[in-house]
Amino acid sequence: MRELLVSSIQPSPLNEDIYAPSSIEDLADSIEELGVLEPLVVDKKKNLISGHRRLAACISIGLERVPVRVVDVAEEELAVT
């Protein structure tokens, strides 16, 4: 596991089509209190694979760096436009 700058992570534009928007206030409160318990998952190009809500919560509370797990995923396996 390592840390990345929030600004370097590219969320998938398809996330909004896949998941209904939901409040991140409770999640942001939890992250402020306990930290990020589950790292975000990104590929080697820093495309976000898992953790869109966590990233949004981290942004909302002003975190500059977040823990990530980098995975090796073939580009054709990702639903990225």
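Trainee: What relative accessibility does E3 have, and into which class does that place the residue?

Mentor: This is a predicted model, in which local features need pLDDT of at least 70, side-chain atom pairs count only at pLDDT 80 or more, and totals for chains, interfaces and linings use all residues. Residues are numbered from 1 along each chain as its sequence is written, and side-chain values use heavy atoms, with hydrogens and water left out. Buried means under 20% relative accessible area, exposed over 50%, and partly exposed in between (1.4 Å probe, protein chains only). E3 has 45% relative accessibility and therefore counts as partly exposed.

Trainee: Which residue forms a salt bridge with E3?

Mentor: A salt bridge is a side-chain nitrogen of Lys or Arg within 4 Å of a carboxyl oxygen of Asp or Glu. Strands (E, at least two residues) and helices (H or I, at least four) are DSSP runs, numbered from the N terminus. E3 lies in β1 (residues 2-5) and its partner in β4 (residues 65-70), 62 residues apart. With the closest N and O atoms 3.5 Å apart, the partner is R65.

Trainee: How far apart in sequence are the parts tied together by K44 and D72?

Mentor: The side chains of K44 and D72 form a salt bridge at 4.0 Å, N to O. K44 lies in the loop between β2 (40-42) and β3 (48-50), and D72 in the segment after β4, so the parts tied together are apart in sequence by 28 residues.

Trainee: In what order do the strands form the open sheet?

Mentor: Strands pair if DSSP finds at least two bridges between them. Three bridges join the parallel strands β2 and β4. The pairing in the sheet is mixed, and the order is β1-β4-β2-β3.
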